[in-house]
Amino acid sequence: MMALQFKLEQYPPICGGGSFSYYPFAIPPIGRQRNQSLQAQALPSRTQRIMESISVSGEVGGAGGSYSYDALKRLDQLWSGICSAQTDVLEPQKVVSSVPGLFSQSDVAGKAVETFDVIVCGGTLGIFIATALSCKGLRVGIVERGVLKGREQEWNISRQELLELVEVGIITEDDIEQSIASIFNPNRCGFEGKGEIWVEDILNLGISPAKLIEVMKKRFDSLGGIIFEGDSVSGISIYEDAAVLQLAKAKILSSRLLIDAMGNFSPVVKQVRYEMAVRKWYKCPLNYQDLSFSNIEIRRGKKPDGVCLVVGSCCRGFKDNSTSDVIFSSSAVKEVGESEAHYFWEAFPAGSGPMDRTSYMFTYVDPHPGCPKLEELLEDYWDLMPNYQVGVSLDNLEILRVIYGIFPTYRGSPLPAAFDRVLQFGDASGIQSPVSFGGFGSLTRHLGRLSAGIYEAINGDLLDSNNLSLLNPYMPNLSASWLFQRAMSAKKESNVSPDFINELLYVNFRSMQALDKRTLNIFFTVPLQDVIQFGPLVKTLGLVMITKPLIIPSIFKQVGVPVLLDWSGHFFMLGYYTFLSTFVDPVIRPLVNAVPAKMKYKWRRQLEAWQYGSGLDYKMSNPNTTKAERGMGTGGEAWAESKSLP
């Protein structure tokens, strides 16, 4: 999400409380009504006035890195382009190109400034994979177009997810404690007009990205890593023996592998999607190797399959500020412009002060002409937030930050490698859930698997697109979660009750609560970690059908028969992967080490696909247990015994 902060001097507030201001208007003379109407059209919106009255504190990279009202307008223009009725796919800038021959024998080889094993493009989340690979002894560089630092707005996460970083070996538990800005329990799942369910230790930590990324930078630097700040990638050339980056400042870097961590709007991913459209429509051969993956073929055309729109703010002035809302569902669908939207809310205490609180309002949409713009959602947010956060008034709040973002997702995710020596990571790979709006939780879950697999691929020189694609395999639990995205998206043509989405969610959560805490916790991690498991899903759906059978016809109307049929295939594969990981994996795993290196690499990736694709990598644990009681992963244990952080 993008946290934006601004100062406005040309529109001084006339009256109002806190940082929010409003403007009185005089009744014009009758003869001047037309001029007054024209002037009113030019007046800034409430969102603009609020954003431009907030002090600026500098820009950071990654989501949440822009700091101007103009940036909001540019993002809305981008969003309008995505939603447009235009069917032609405009060719994006060609960033990646294949060059025959060896880089070491080319004329460019002597111009390379630095040579690496791995170069990571995009540092906000990329620094985590970069540090993990540096811990394994690889020479790693990071290219970041701005200054590599974390934003002010906290990342909300559970302690168990953070401990994955400790097990990988890139930070210590002391580093985690220093990065925690706020802790809150219990956490509410609310359904307006229906009821509430309270849970413990779910997204109950607020992590300071600024502190955490500063820790990661120091750790990365101590391992010999190099960061190229204030520079961006202008071109990537793929040779038989290297991936070569041409930076905007005329530097040339070479590496054995390039990791694209440039987020949802990565120029590399844009090029892949375009060339997929060309292949689909014109059957043209592409300039890179086999792309006959069924899930990459789905990424045809211009539009994402679904988008999560998020707006919000961090405000000071909340007196009752000890608990969080993990999700709060509005009671009914609301008309926004030419479309409909069902609003969901989240709220967490912020780490900047005891009375500071962050609240998000988000909605899921299928991109089409007439979809609401972010500024329209923000206008609704200012109206609705005081009713959601009962007992507060905007006039009595100091608005510290305004937050917004668009998060596109694709059914064909994660994205397999389309080029030799190039691998998508994080949001660029689409490995997060289609109902999430942030990739940090997904990153912690997959970091150990990916860093080990990448290290093995580099050591074995298995850097062609086919072998790299094994690191981003088909995962049925990720694909199955698309049903939830569709069910939570309001549609005019669905012909269901305005209260349907709220009712459906309440019935599901109530059923999970009636089963057991484990089912609720596992199922509830879907929004951030995609940990949907076959057993808990079957039990929950079965109980919903028994206790609320009349809701089933509305589900068919809401999501449509084609979506349900598609989901049924992924549901079957979820059960199949669960069987393979539970019963076949233990038989095969002891034999893997005896096979040749290339086959060993492929089988290890297959075993990981079964485990992570079925959600069986998720293990419930007591977050209060010590490191010794939990047990450490191999990499983390080895590092913890022999290293200390600077």
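In what order do the three strands of the open sheet lie, and is the pairing parallel or antiparallel? In this predicted model, the order is 5-9-6, and the pairing is antiparallel. Strand 5 (155–157) and strand 6 (180–183) sit at the edges, each pairing on one side only. On average, neighbouring strands of this sheet are turned by 30° against each other, with direction ignored. Looking at one of these pairings, strand 6 meets strand 9 (residues 205–207) through three bridges, again in the antiparallel sense. Here Ile180 has Ile207 of strand 9 as its bridge partner.

Another strand worth a look is strand 18 (residues 344–349), where six of the six residues are buried. Phe344, Glu346 and Phe348 point one way, while Trp345, Ala347 and Pro349 point the other way. Strand 18 is joined to strand 15 (residues 324–329) by three bridges, and these two strands run antiparallel. In that pairing, Phe328 has Trp345 of strand 18 as its bridge partner. Strand 18 also runs antiparallel to strand 19 (residues 356–365), this time with six bridges. Glu346 stands opposite Tyr360 of strand 19, and a hairpin of six residues links strand 18 to strand 19.

Then there is helix 4 (residues 126–135). Nine of its 10 residues are buried, so the helix is largely enclosed by the rest of the structure. Among the buried ones are Ile127, Phe128, Ile129 and Leu133, along with Gly126 and Ser134. An α-helix has 3.6 residues a turn, so residues three or four places apart point the same way. After helix 4 comes Gly137, which has a positive phi, near 95°.

Note on methods. Residues are numbered from 1 along each chain as its sequence is written. This is a predicted model: local features need pLDDT of at least 70, side-chain atom pairs count only at pLDDT 80 or more; totals for chains, interfaces and linings use all residues. Side-chain values use heavy atoms; hydrogens and water are left out. Buried means under 20% relative accessible area, exposed over 50%, partly exposed in between (1.4 Å probe, protein chains only). Helices (H or I, at least four residues) and strands (E, at least two) are DSSP runs, numbered from the N terminus. Two strands pair if DSSP finds at least two bridges between them. Axes are lines fitted to C-alpha atoms, for helices over the stretch in contact, and angles run from 0 to 180 degrees between N-to-C directions.
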